[in-house]
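Please walk me through this model in the viewer. Tell me what to select at each stop and what is there.

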2 protein chains.
Amino acid sequence: MAKIANSNLISYSPDLKIVDCTMRDGGLVNNFRFSDEFVRDLYNTCIKSGIDYMEFGYKASTDIFDENDFGKWKFCKDDDIRAIVGDNNTDLKISVMADVGRTNFQRDIIPKNESPIDLIRVATYITTIPSAIEIIEDAKAKGYEVSCNIMAVSKVNNEELFNGLNEIANSSTDFIYIVDSFGSFYPEQIARFTDKYVELGNKYNKKIGIHAHNNQQLAFANTITAMMHDAKMLDSTISGMGRGAGNCYTESLLGFLRNPKYKLIPVMDFVQKHIVKLKEEGNIWGYDIPYLLTGILNTHPAPAIKFIKDGRTDYSKYYHELLDNLL
Amino acid sequence: MAKIANSNLISYSPDLKIVDCTMRDGGLVNNFRFSDEFVRDLYNTCIKSGIDYMEFGYKASTDIFDENDFGKWKFCKDDDIRAIVGDNNTDLKISVMADVGRTNFQRDIIPKNESPIDLIRVATYITTIPSAIEIIEDAKAKGYEVSCNIMAVSKVNNEELFNGLNEIANSSTDFIYIVDSFGSFYPEQIARFTDKYVELGNKYNKKIGIHAHNNQQLAFANTITAMMHDAKMLDSTISGMGRGAGNCYTESLLGFLRNPKYKLIPVMDFVQKHIVKLKEEGNIWGYDIPYLLTGILNTHPAPAIKFIKDGRTDYSKYYHELLDNLL
């Protein structure tokens with residue numbers, strides 16, 4: 001019945017949550033060099049527009065990354081977040097992402113009652129799930145909501161994937177994410193994946209999330225398809241800002257969802273003030289042919305990002321280069 | 001079973017047809033002022049890439065439109081087409097669009113055996129179906145394949161729509177198109193519409209087509225959704241070139257379809273040679289917030305086109321203007 005209810009476009013699911021990843025995935029476009037004004041305005045925009053979670057960036061370890069090479073949101077120190085949100089006495093929850101192998105979680109993830117952060121999202125590949133579970137259990141013990149985001153699942157065979165999913169389902173994580181890292185999935189595949197994840201989630205009391213990329217201009221379509229199949233956590237970014245082809249547009253999602261708590265106008269104001277400027281300053285993201293081709297070929301967008309950065313337009317040559325690297 | 005077969009991404013439907021509308025819908029971007037080299041190269045690209053139909057433009061009447069105000073493809077005289085394609089001894093079929101009330105079909109649509117054109121696509125609103133049927137029967141009697149494209153169906157109540165559809169189903173048309181003129185439909189709605197059209201089409205032996213617009217970045221998703229529900233004629237344009245937010249990208253569609261007769265590389269070469277140049281020359285189309293908002297509001301894109309042409313970025317003010325004009 002849930003699907004039938006969801007698929008009635010007039011109705012809405014009050015238990016859906018939107019996770020704004022503009023700074024986290026968008027930070028991959030500008031090395032996390034966002035002005036404090038940008039961050040403060042985004043924070044207020046998320047509150048005004050009824051967005052449920054705002055992801056500030058990564059909890060990367062300063063042991064591994066040089067702080068001079070990145071803006072501060074690569075590291076998301078609690079004090080830096082607090083300087084923006086104070087005690088965050090609002091309905092908006094704060095999220096950060098911790099990459100397996102790139103975070104000193106024992107040291108840098110402090111007890112929840114001392115931190116403005118609400119949700120720790122653990123990003124892992126299928127091969128690093130045991131390490132992911134270490135972070136999940138540590139963060140859970142410290143009092144946080146926890147999500148496990150399995151990346152690049154389009155590259156994983158189903159048996160290996162569902163073995164890994166079962167390990168995660170038996171952990172303390174609250175949420176499990178489908179991550180279409182390469183933007184290679186079509187809606188019917190997302191529907192089948194979501195059904196599998198939701199079946200497991202229902203059994204182990206985990207909510208399922210979707211993080212889509214726009215390589216084939218399917219990020220929004222795949223996100224609402226996952227929603228129709230009972231994914232409850234929907235990632236989006238304002239104007240789709242994110243690595244390469246970017247993500248599901250928050251604007252599209254807010255226009256689609258009928259829940260009156262979500263408001264589109266504050267996002268429009270933010271785009272007018274900040275996104276237009278970011279693009280004028282030469283930050284490039286969003287659908288383009290080179291990303292379509294890495295999406296179709298189910299491979300990492302790095303060569304597409306370089307192709308565009310180099311100002312190339314020899315698409316056929318580039319396509320053959322991609323094929324050569326796959327064979 | 002057809003749906004199950006279609007939804008197996010490895011398989012393909014050999015009876016699918018791709019209709020390239022780059023010059024027809026794209027002509028609305030540049031007033032049909034395409035160079036002969038562009039048209040010749042597009043013709044050869046369509047042949048090489050296995051596209052089934054190429055639509056050259058409109059059969060507009062010179063009694064109504066001044067030939068000085070438009071490129072020649074607004075009028076698609078048979079001699080102009082023949083100058084490009086000769087006798088078109090290829091597998092590629094040639095199509096033109098005839099708008100109800102804007103074409104002198106008795107005079108300008110000549111007998112098929114004297115014309116390089118294969119398919120006449122009659123574009124109509126639900127209110128002008130009797131006039132559309134006049135053109136359909138005239139073109140059919142002259143020996144052409146005929147399609148009836150009912151525009152702006154998102155604005156029509158279902159009873160009126162299915163009355164109109166029944167009139168058309170009883171005509172001599174070969175194809176009936178779902179046209180999402182305002183880019184306002186979501187995939188689940190396209191699925192329901194396609195099922196209704198296909199049910200009628202099966203009864204009256206008409207094939208169903210889909211023409212999508214990209215206001216919500218759903219043109220490709222809606223096109224493949226219609227395909228999964230047994231639409232057989234799929235409109236697309238290279239790089240989505242078309243009015244406002246544009247159309248379903250031919251690149252995406254060729255990347256999705258598994259039929260080995262379709263080739264992506266020739267389209268890449270065409271983009272490199274012609275589309276990049278068109279954009280450098282200031283021709284603007286494709287997804288942008290103003291189109292998203294007219295799509296969400298299910299209204300004509302004209303105000304969005306003007307907003308962008310005027311270089312405005314005050315999205316909230318514009319959104320309120322749209323709402324004011326709807327109330």
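**Stop one: between the chains**

Start where chain B meets chain A: this predicted model has 0 salt bridges between the two chains. Polar contacts do occur, with 4 residue pairs counted at pLDDT 80 or more for both partners.

Now select the side of chain B that touches chain A. The elements giving two or more residues to it are α8 (187–204), α9 (219–228), α10 (250–256), α11 (265–280), α12 (289–296) and α14 (315–326) of chain B. Colour α11(B) separately: its 6 residues are the largest share. By residue type, this side of chain B divides into 22 nonpolar, 13 polar and 6 charged.

Show both sides together. Here 41 residues of chain B are in contact with 41 residues of chain A. The two chains bury about 3,300 Å² between them, and 66% of that lies on carbon and sulfur atoms.

**Stop two: the two copies**

Superpose chain B on chain A. A rotation of 180 degrees does it, with 0.0 Å of shift along the axis and an RMSD of 0.0 Å. The copies are thus related as by a two-fold rotation axis. Of the interface residues of chain B, 100% are also interface residues in chain A, so the copies meet through the same surface.

**Stop three: A:Lys142**

Next, select A:Lys142. Where does A:Lys142 have its place? Look in the loop between α6 (129–141) and β5 (145–150) of chain A. Follow the side chain of A:Lys142: it reaches the backbone oxygen of A:Phe105 at 3.1 Å. Then show the residues that A:Lys142 touches beyond four places away in sequence: A:Phe105, A:Gln106, A:Ile109, A:Ile110, A:Pro111 and A:Lys112.

Technical notes:
Residues numbered from 1 in each chain as written. Chains lettered and ligands numbered in written order. Predicted model: local features only at pLDDT ≥ 70, side-chain atom pairs only at ≥ 80, totals over all residues. Heavy atoms only, no water. Least-squares fit on C-alpha atoms with pLDDT ≥ 70 in both. Contact = heavy atoms within 4.5 Å. Helix = DSSP H or I, 4+ residues; strand = E, 2+ residues; numbered from the N terminus. Polar contact = N/O pair within 3.5 Å; in protein donor to acceptor, adjacent residues only side chain to side chain. Buried area = accessible area lost by both parts, 1.4 Å probe. Salt bridge = Lys/Arg side-chain N within 4 Å of Asp/Glu carboxyl O. Nonpolar A, V, L, I, M, F, W, Y, C, P; charged D, E, K, R; others polar.
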